[in-house]
Amino acid sequence: MSKRKRNRKNKNETPVKPNVGSSAKTKRNMIIFVCILLAIAIITGATIGIVSAVKNALAFMYIEGVSIDKGVANYLASYYKAIYIASLRKELAEDNIEVYDTPEFWNSLANADSTYGDALSQFVTSLVQQTVAASKLFDDYTKLSNNDKQAIENACQEKLAYIAGGSKADFNGKTKKYGFNYSDFKAATEMLYKSWAARVKIFGNS
């Protein structure tokens, strides 16, 4: 197996960094990006269920006063798993290797020592931990403004309308098999926003 393949796991563990801007448009675009993968997964019927290793590792997480329950962890894991799959498909396309969200694929070897499922578990767990830590850092230094809260609420309501016609009950019915509900989705969206905004709020745009 090539050196490029052996190093795949380290490359995939690099967090995705959205572009940072100070305008309301940039803020809104970021929140919509946080939500969009959920819409794609549900509307297209994509399988973004969580492999058991990831699900067990993230059933509950607590870092110095910031905790997430199983539902929020499940959404965050699904969110980062979708990012991982998209990145892996692009990378493996060079070798004509198809990426399927199936137990057979995740149990197949990525290199001599580990499977694609092992790499997925490490990638997702690391980024969920970073998200929780960054959210904690945000809360230590600042807080969401009324504009921030309204922007998050508006984006979540738009996705609720798009996915379930504005019905939380219908939304919950569609996401139940993924292990989260609308409240979990909204809490996770706020946490993802905080992890993005922490850099801007604390260090500035530059």
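Visitor: Let's start with a lysine. Why is Lys-194 called buried?

Guide: Buried means under 20% relative accessible area, exposed means over 50%, and partly exposed is what lies in between (1.4 Å probe, protein chains only). Lys-194 comes out at 10%, so it counts as buried. Bear in mind that this is a predicted model, where local features need pLDDT of at least 70, side-chain atom pairs count only at pLDDT 80 or more, and totals for chains, interfaces and linings use all residues. Residues are numbered from 1 along each chain as its sequence is written, and side-chain values use heavy atoms, with hydrogens and water left out.

Visitor: How many salt bridges does the rule give altogether?

Guide: The count comes to 5. Another one pairs Lys-186 with Glu-153, with the closest N and O atoms 2.4 Å apart. That pair also links distant parts of the chain, Lys-186 in helix 10 and Glu-153 in helix 8, 33 residues apart. Lys-186, at 31% relative accessibility, is partly exposed, and so is Glu-153, at 22%.

Visitor: What makes helix 8 and helix 9 roughly perpendicular to each other?

Guide: Their axes come within 9 Å and cross at roughly 70°. An axis is a line fitted to C-alpha atoms, for helices over the stretch in contact, and angles run from 0 to 180 degrees between N-to-C directions. Under 35 degrees counts as roughly parallel, over 145 as roughly antiparallel, 65 to 115 as roughly perpendicular and the rest as oblique. So the two helices are called roughly perpendicular.

Visitor: Which residues make that contact?

Guide: With contact meaning heavy atoms within 4.5 Å, helix 8 brings Leu-160, Ile-163 and Ala-164, while helix 9 brings Lys-168, Asp-170, Phe-171 and Lys-174. By class that's 4 nonpolar, no polar and 3 charged residues. Ala, Val, Leu, Ile, Met, Phe, Trp, Tyr, Cys and Pro count as nonpolar, Asp, Glu, Lys and Arg as charged, and the others, Gly among them, as polar.

Visitor: On to the rings. How many aromatic pairs are there?

Guide: Rings of Phe, Tyr and Trp (its six-membered ring) pair if their centres lie within 6.5 Å; planes under 30 degrees apart count as stacked, over 60 as edge-to-face and the rest as tilted. That gives 13 aromatic pairs.

Visitor: Why is the pair of Tyr-75 and Phe-180 called edge-to-face?

Guide: The ring centres are 5.1 Å apart and the planes stand at 75°, so edge-to-face it is. Tyr-75 lies in helix 5 (residues 70–92) and Phe-180 in the loop between helix 9 (168–175) and helix 10 (182–203), so the pair ties together parts 105 residues apart in sequence. Tyr-75 is buried at 2%, as is Phe-180 at 3%. Both are in one aromatic cluster whose members include Tyr-79, Phe-171 and Phe-185.

Visitor: Last one: what makes Asn-96 worth a look?

Guide: Asn-96 has a positive phi of about 60° although it is not a glycine. Most residues other than glycine have a negative phi. Asn-96 sits in the loop between helix 5 and helix 6 (103–106), and its 71% relative accessibility makes it exposed.

Technical notes: Helix = DSSP H or I, 4+ residues; strand = E, 2+ residues; numbered from the N terminus. Salt bridge = Lys/Arg side-chain N within 4 Å of Asp/Glu carboxyl O.
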